[in-house]
Structures are given as structure tokens and as C-alpha cells.
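Hello,

Here is the structure I promised to pass on to you. Have a look at it first, and then read on for what turned up.

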Amino acid sequence: MKFLLTVAPLFLSSLATCNFLFAADQQTLLDSDISVPGENPLNFCSEPTEYSLTIDNVDLEPNPPEKGKELLIKARGNFTEEVEQDAYINISVKYGLITLINTKADLCEQMKQVDEECPLDGAKAFTKSVTLPKEIPPGTYSVLADVYNNDNKQITCLKASVHF
């Protein structure tokens, strides 16, 4: 969960994924035709024109990520509306049909992990490096990050599904 909360801001300033979602032999399962631009396994939950965050790109290196190795995340996007204190992110992680994580996190607190602070507005770009754990059980994992401003207006929604 630590990694998920570490990269949750990447879903906002243009994100990545959860620490136990990846392995060296994974195959990305795309369940949507609305891919997030860049080299990543991410998809938008719905048409991205509905969101107040325009994601220019999210690049993961390596892609696909490898367990036990460093994952470099490069992201760039533009907030078309100001994100203020009390913005939040709903995060759900499933292993097959089993829900592993279903939590609500303070977005502004998470943004501090990528050296950003609320209010967020305009163009943002950042790079974040994290080490993925070696012990990743095989199977299909799905992650959903649904992000809202303090007035409950959706900022973005991203999902990824991977199998390893």
C-alpha cells in the first residue's frame, strides 16, 4: 500500500501503479480503449475530456515494470481547475475477485511525496523512482484510482489490470 500511496499523486500529476501489481513476466491486460498516453499499462475510466486533469503522458521505465527492480516514473499533465485542500483519492486494489485495498487518501498529503503542494493548478511535470518488491504473488491484479476535488468534482479516474 505504501507504494500505491506514493504513486497515487502520479494519477493526478500523471501517475503510475501499485507496488505489487508488476512482475518481470507480466502481460498487461487492457480492458479499455482509452489508454493513458505514454509507455504504461494505464487506462482512463471514461472519456478523459470529462476530467479536470489533462494527462499528457506517463512513462514507466522499465515497461513493463520488474519485481525487485527500480521503477522510474515520468509524468506530465495540466490541471485545468485548481485542486484545493481536502481533495481525495479513492483507491481500490483487487487480486482476482478479492479486494486487497479499498481506501480513501488525502490527495494533498500524497502530493508531498512528489514535492508538490496544494493548491495544484496548471502544468505539472515530475519524475519519481521507487523500488518494487521481489515478493509479488502471481495472478491478475486490478487497481482503480478515482480522484476528486474538495467539492466532489472528479479530477481524473485511472485503472490498470495486469497479470503475472
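A residue is called buried here when its relative accessible area is under 20%, exposed when over 50%, and partly exposed in between (1.4 Å probe, protein chains only). By that rule, 50% of the 164 residues of the protein count as buried.

Before the details, a word on the basis. This is a predicted model, in which local features need pLDDT of at least 70 and side-chain atom pairs count only at pLDDT 80 or more, while totals for chains, interfaces and linings use all residues. Residues are numbered from 1 along each chain as its sequence is written, and side-chain values use heavy atoms, with hydrogens and water left out.

**Confidence**

The mean pLDDT (the predictor's confidence in each residue, from 0 to 100) is 81 for the protein, and 79% of its residues reach 70 or more. Residues 1-32 are the part to treat with care: pLDDT is below 50 there, although the stretch has 142 contacts in the model beyond near neighbours in sequence. Contact means heavy atoms within 4.5 Å. Where pLDDT is low, the predicted coordinates should not be read in detail.

**Overall layout**

Two helices and nine strands make up the secondary structure; both kinds of element are DSSP runs numbered from the N terminus, helices being H or I of at least four residues and strands E of at least two. Read from the N terminus, their order is α-β-β-β-β-β-β-α-β-β-β. Of the contacts in the protein with a separation of 6 or more, 66% come from residues 24 or more positions apart.

**The core**

A nonpolar core is a set of buried Ala, Val, Leu, Ile, Met, Phe, Trp, Tyr and Cys residues joined through side-chain atoms within 4.5 Å. The largest one has 35 residues, and V36, I55, V58, V83, L107 and I155 touch the most other members. Strand β4 (residues 70-83) supplies the largest share of this core, with five residues.

**Disulfides**

How many disulfides does the structure hold? There are two, a disulfide being a pair of cysteine sulfur atoms within 2.5 Å.

One joins C45 to C157, with an S to S distance of 2.1 Å. This pair links distant parts of the chain, 112 residues apart: C45 sits in the loop between β2 (42-44) and β3 (53-61), and C157 in strand β9 (residues 154-163). The torsion about the S-S bond of C45 and C157 is about -65°, so this disulfide is left-handed. C45 is partly exposed at 27% relative accessible area, whereas C157 is buried at 4% relative accessibility.

The other is formed by C108 and C118, whose sulfur atoms are 1.9 Å apart. C108 belongs to helix α2 (residues 107-111) and C118 to the loop between α2 and β7 (120-131), 10 residues apart. With a torsion of about -95° about the S-S bond of C108 and C118, this disulfide is left-handed. C108 and C118 are both buried. With the bonded cysteines numbered in sequence order, the pairing is 1-4, 2-3.

**Aromatic pairs and their surroundings**

The structure holds three aromatic pairs. Rings of Phe, Tyr and Trp (its six-membered ring) pair if their centres lie within 6.5 Å, and planes under 30 degrees apart count as stacked, over 60 as edge-to-face and the rest as tilted.

One of the pairs is F44 with Y51: the centres are 6.1 Å apart and the planes at 35°, so the pair is tilted. Both F44 and Y51 are buried.

Another is Y88 with Y148, with centres 5.4 Å apart and planes at 20°, so the pair is stacked. Y88 is in strand β5 (residues 88-95) and Y148 in strand β8, 60 residues apart. Y88 is buried at 13% relative accessibility, and Y148 is buried at 17%. K104 also lies over the face of Y88, at 4.2 Å from the ring centre; for this, NZ of Lys or CZ of Arg must be within 6 Å of the ring centre and within 35 degrees of the ring normal.

Leaving aside neighbours within four places in sequence, N149 is in contact with E82, V83, E84, A87, Y88 and I155. N149 counts as buried, at 6% relative accessibility.

Best wishes
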